[in-house]
Amino acid sequence: MAVTHRPPWMATPRWPLQTLKAVVIAAIVLVMLYPFIYVVAGSFAANAHSILGGLLPEDYSLQAYRQIFGGDVVLRSLAVSVAVTLVGTALSMVVSIGMAWGLTRTRDVPGTRFVLYAVIGTMLFTAGVIPNYLLVKSLGLIDSYLSLILPVVASAFNIVVLRNFFMEIPRDIVDSARIDGAGEWHILVRIVLPLSKAVLAVVALFYAVGYWNDFFNALLYLDDSQKWPIQLVLNQYVIRGESLSTSAQASAAAARLPAESLKMAVVVIATTPILIVYPFLQRYFTKGVLTGAIKD
């Protein structure tokens, strides 16, 4: 009787290799966690000596967070970022789902394959900053919240991922629904979308992270600082060193705190919302991304 050998990648690794993998993974985790712990701990530092003394400060204080939330700059920018992220993600999902579902009909609707190639082409060639700015200006969107949403409302990559996932749905299910008299809208909403929860969650997270982290469009299109999102406030304060408040009382309070402590507190505030949302959607990543990206 012939003995069947398992492929090398399916064989159970020996304990030295497993130990080496565990050490490498632990080292990667430590490298990734160290900056985050340093920033969080530094945001609670009471003085500059505490920050420079090591990973964890010797003296803790909530003064940095009191200073930030005592003003209106960060709170207003947080509200702007939350609103732009929610509205932008919802609009992007509607546009991407509709276009992805339409692009699944390459066999039935003439010209659909050309549109698909045009969408894929935008992943290779982009217009650039100046043409985009002139387009936004010609549409009258300068200094408008819509300038943060409409230029990036649809992502070619996300559309292709959704389209390929929709193609994975058995055609027999869709054909049976059509025979029973269901229209395209009914098929999409009642059949396709419930079967695509994994990829929808992943794509929604991609869009939400993109809207939340975007500061470049705000820097280009928003002249009114009252409309700035949190990431632009973070960029102006942490990178450029500008003040979060113009009041004399706030400036005097900030002077008693190390500048690095305030900067780290702003970074923590800007990062926390995404860190809270991510664990709830992380379990969809493997199924959503891989299934939607492999098949053409």
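Biologist: What is the helix content of residues 187-212, and how far apart are the end C-alpha atoms?

Modeller: The span is 85% helix and 0% strand, and its end C-alpha atoms lie 32 Å apart. Helices are DSSP runs of H or I with at least four residues, and strands are runs of E with at least two, numbered from the N terminus. This is a predicted model, in which local features need pLDDT of at least 70 and side-chain atom pairs count only at pLDDT 80 or more, while totals for chains, interfaces and linings use all residues. Residues are numbered from 1 along each chain as its sequence is written, and side-chain values use heavy atoms, without hydrogens and water.

Biologist: Why is the pair of Y133 and Y221 called stacked?

Modeller: Rings of Phe, Tyr and Trp (its six-membered ring) pair if their centres lie within 6.5 Å; planes under 30 degrees apart count as stacked, over 60 as edge-to-face and the rest as tilted. The ring centres of Y133 and Y221 are 6.0 Å apart and their planes stand at 20 degrees, so the pair is stacked.

Biologist: What makes Y221 buried?

Modeller: Buried means under 20% relative accessible area, exposed over 50%, and partly exposed in between (1.4 Å probe, protein chains only). Y221 has 2% relative accessibility and therefore counts as buried, whereas Y133, at 29%, is partly exposed.

Biologist: How do you know that the charged end of K227 sits over the ring of Y145?

Modeller: The definition requires NZ of Lys or CZ of Arg within 6 Å of the ring centre and within 35 degrees of the ring normal. The charged end of K227 is 5.8 Å from the centre of the Y145 ring and sits over that ring.
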